[in-house]
Amino acid sequence: MTYETILTETRGKVGLVTLNRPQALNALNSTLVAELNEALDGYERDPGIGCVVITGSEKAFAAGADIKEMSGLSYPQTYLDDFITAWDKVAARRKPIVAAVSGFALGGGCELAMMCDFILASDTAKFGQPEIKLGVMPGAGGTQRLTRIVGKAKAMEMCLTGRMMDAAEAERSGLVSRIVPADQLVDEALKVAATIADMSLPIALMTKESVNRAYETTLAEGIRFERRVFHAMFATADQKEGMQAFVEKRPAKFANE
Ligand code: HXC
């Protein structure tokens, strides 16, 4: 499939999407968001894909929503088009998605990275919500996801001042899972994604769903949800295979059943 603003490839059981608008530091215009969703739709449908990696360039994961596209919009247009709904689809995916972030992840770029299941950052990564400098605020989940991830103090400071966090601060704050040297970022993300894709697909999806539940409900309800799903896993062939393989001291071979 050929796209205008992204590159896609399949590496074994991993789908790799590279944001590709170098002239605009991968600013997320409506074409890019539509193409990203089309690619993710394809990976969701493909039973051979177990995990997806989204990355950008070494200079920029994405420098935000496309300011030139947004600047002339009126309130009725933004309300009626509700273009941010298309962005939300990324967060609603069932298969695991890893964001591999190098360079700038600003505004909507930071929000897109936070919609993924976790972020691997290169040592050059810079995260920020600079929307306030443009006379707006984060609009694709930034005020909510960033606050839940890094806590109120840092989220409030970042959203109110627009200052950027470097990779080390992002790791300390729990925004990224790990820092990787820039020249190894995509390889490392593909390796992690391949590890995930080698697990049982239904179990990986149930695990993602359960972890995400922690953001949406009380501890007691979340624990109850986890317990129900955990019990249900004993109805899968993959649970039998996984535990049998351990007992027999061999690698498990999951059939996604
Ligand atoms: C459109 C952008 C862009 C953006 C960069 N470019 N960011 N175009 N939208 N978000 C374009 C520039 O206009 C320029 O093109 C080219 O990319 C290179 O950018 P420079 O500014 O020349 O690069 P540099 O000096 O290295 O500075 C990098 C930067 C800066 C610090 C990342 O580009 C910057 O501050 N960008 C805007 C970041 C931002 O405010 N993001 C939040 C957007 S609002 P030309 O052709 O002009 O030379 C948002 C809201 C989301 O995301 C809400 C939900 C939808």
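**Reading the ligand site, the cysteines and a helix**

A: In this predicted model, an N or O atom in the side chain of lysine 59 is 2.8 Å from an oxygen atom of the ligand. Backbone N or O atoms also take part: one of alanine 65 lies 2.8 Å from a ligand oxygen, and one of isoleucine 67 lies 2.9 Å from a ligand nitrogen. Taken alone, the ligand exposes 1000 Å², of which the protein buries 66%.

Q: Which element gives the most to the shell around the ligand?

A: Helix α2 does, with three residues. At least two residues each come from α2 (67-70), α4 (84-91), β6 (104-106) and α5.

Q: How many disulfides does the structure hold?

A: A disulfide is a covalent bond that joins the sulfur atoms of two cysteines. The structure holds zero disulfides. For cysteine 51, the closest cysteine sulfur is that of cysteine 116, 9.9 Å away, which is too far for a bond. Cysteine 110 is likewise in no disulfide, the nearest cysteine sulfur being that of cysteine 159 at 8.7 Å. Cysteine 51 is buried, at 0% relative accessibility, and cysteine 110 is buried at 1%.

Q: Which residues of helix α6 are buried?

A: In α6 (residues 142-150), the buried residues are Gly142, Leu146 and Val150. Viewed down the helix axis, the buried residues of α6 fall within an arc of 20 degrees, so they line one face of the helix. Their cover includes α5 (108-115), α7 (152-161) and β9 (165-166). Just after α6, glycine 151 adopts a positive phi of about 90 degrees.

Conventions. Residues are numbered from 1 along each chain as its sequence is written. This is a predicted model: local features need pLDDT of at least 70, side-chain atom pairs count only at pLDDT 80 or more; totals for chains, interfaces and linings use all residues. Side-chain values use heavy atoms; hydrogens and water are left out. Buried means under 20% relative accessible area, exposed over 50%, partly exposed in between (1.4 Å probe, protein chains only). Helices (H or I, at least four residues) and strands (E, at least two) are DSSP runs, numbered from the N terminus. The arc is that of the directions from the helix axis to the C-beta atoms. Contact means heavy atoms within 4.5 Å. A disulfide is a pair of cysteine sulfur atoms within 2.5 Å. A polar contact is a pair of N or O atoms within 3.5 Å; within protein, one must be able to donate a hydrogen and the other to accept it, and residues adjacent in sequence count only if both atoms are side-chain atoms. Accessible areas come from the Shrake-Rupley method with a 1.4 Å probe; for residues, only the protein chains shown count as cover.
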